[in-house]
Amino acid sequence: MANLITVGSVAFDSIETPFGKAERILGGAGTFISLAASYFTKPVNLISVIGNDFRERDLTMMQEAGINTYGIQQKTDEKSFFWAGKYFNDMNHRETLETQLNVLGSFDPIIPDSYKNCDYLMLGNLSPAVQQTVIDRLPTRPKLVVMDTMNFWISSFLPDLKTTISNVDVLIINDEEARQLTGQYSLLVAARVINSMGPNIVVIKKGEHGALLFYYGQIYFVPALPLEVVFDPTGAGDTFAGGFIGHLVKKDSFSFDTLKEAMVYGSAMASFCVEKFGVEGILGLTTSDIENRVKQFHSLVS
Ligand code: AMP
């Protein structure tokens with residue numbers, strides 16, 4: 001089985017949606033990505049940083065899910081990354097109420113020796129300079145480097161972000177962020193501009209309108225599953241990325257056909273995520289839960 005390293009924030013989130021509120025629940029891009037990927041490959045070798053306020057039970061839950069937490073540094077003199085967001089009736093748009101970088105502000109990622117044999121690297125959302133440092137500190141370049149980012153880093157850390165983007169194979173980004181990054185409204189043109197920045201493969205997520213895969217001039221589309229209730233979209237993008245990379249690692253392939261399948265698995269995992277608050281929707285799933293969801297995607301478009 002090929003090896004996977006994931007990188008990303010491990011956080012506390014406070015979330016408000018039209019369906020309710022949750023204070024300081026477990027979140028973070030690294031958490032959602034790694035939990036989703038753990039259904040496809042184990043262990044998921046996570047690199048991140050937490051503070052003195054992090055709960056032991058959350059770490060235990062991650063370990064029990066098959067996440068190797070050896071690469072999570074704990075800083076005893078600082079607090080964990082904290083993010084607060086609010087959704088309105090149109091859940092495709094959200095307002096970030098607060099971002100406290102805390103431990104993430106000075107994070108110097110250390111790659112444990114046991115992680116160094118890395119075939120696939122999934123760089124989830126955190127500082128682009130840290131994402132680049134992880135690439136630089138691996139003794140050999142992985143077969144495939146996939147990267148996610150968000151508006152926060154595009155707005156304030158563009159030069160660092162462009163450097164990291166130039167060194168990855170796949171960029172996963174949402175439609176609004178693709179437009180912000182490239183200054184292009186057409187997603188076709190935006191994907192082409194991103195290609196010119198480095199990545200040959202681009203995935204543009206469009207929330208409830210599905211996701212597009214741009215692969216060397218070819219395009220593939222996967223819808224999002226229409227759901228009666230979207231309870232909390234937080235982490236859906238990261239969960240998509242986790243299912244996507246998880247499937248590639250499981251198949252140890254990134255051919256166009258495998259990438260298309262990965263788009264469906266990513267979308268299936270994201271559909272579980274939005275049904276409950278925080279990470280709850282992606283805990284305790286079975287293989288048949290996931291395969292049944294994938295079948296629903298196929299019947300939706302066949
Ligand atoms: P998503 O809904 O997929 O965009 O991801 C939401 C998750 O990203 C939340 O659990 C947050 O903790 C985390 N997050 C929010 N802002 C940032 C940021 N600037 N850097 C890293 N992680 C973030």
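In this predicted model, the side chain of D53 makes a polar contact with the side chain of S80 at 2.7 Å, and the side chain of D53 also makes a polar contact with that of R24, at 3.0 Å. D53 itself is found in the loop between β4 (44–50) and α2 (56–64). When neighbours within four places in sequence are left aside, the residues in contact with D53 are F12, R24, K79 and S80.

Turning to the ligand, there are 19 residues around it, and S9, D13, G28, G235 and D238 come nearest. For three of these residues, the distances from an oxygen atom of the ligand are listed here.

| Residue | Protein atom | Distance from a ligand oxygen atom |
|---|---|---|
| D13 | N or O atom in the side chain | 2.4 Å |
| G28 | polar backbone atom | 2.7 Å |
| D238 | N or O atom in the side chain | 2.7 Å |

On its own the ligand has 510 Å² of accessible area, and the protein covers 95% of this. Two or more residues of the shell around the ligand come from each of the elements β2 (11–17), β6 (81–87), α4 (151–156) and α8 (236–251), and among these α8 gives the most, with three residues. By residue class, the shell around the ligand divides into nine nonpolar, seven polar and three charged residues.

How values were computed: Residues numbered from 1 in each chain as written. Predicted model: local features only at pLDDT ≥ 70, side-chain atom pairs only at ≥ 80, totals over all residues. Heavy atoms only, no water. Near = heavy atom within 4 Å. Polar contact = N/O pair within 3.5 Å; in protein donor to acceptor, adjacent residues only side chain to side chain. Areas by Shrake-Rupley, 256 points an atom, 1.4 Å probe, with all protein chains shown as cover. Helix = DSSP H or I, 4+ residues; strand = E, 2+ residues; numbered from the N terminus. Nonpolar A, V, L, I, M, F, W, Y, C, P; charged D, E, K, R; others polar. Contact = heavy atoms within 4.5 Å.
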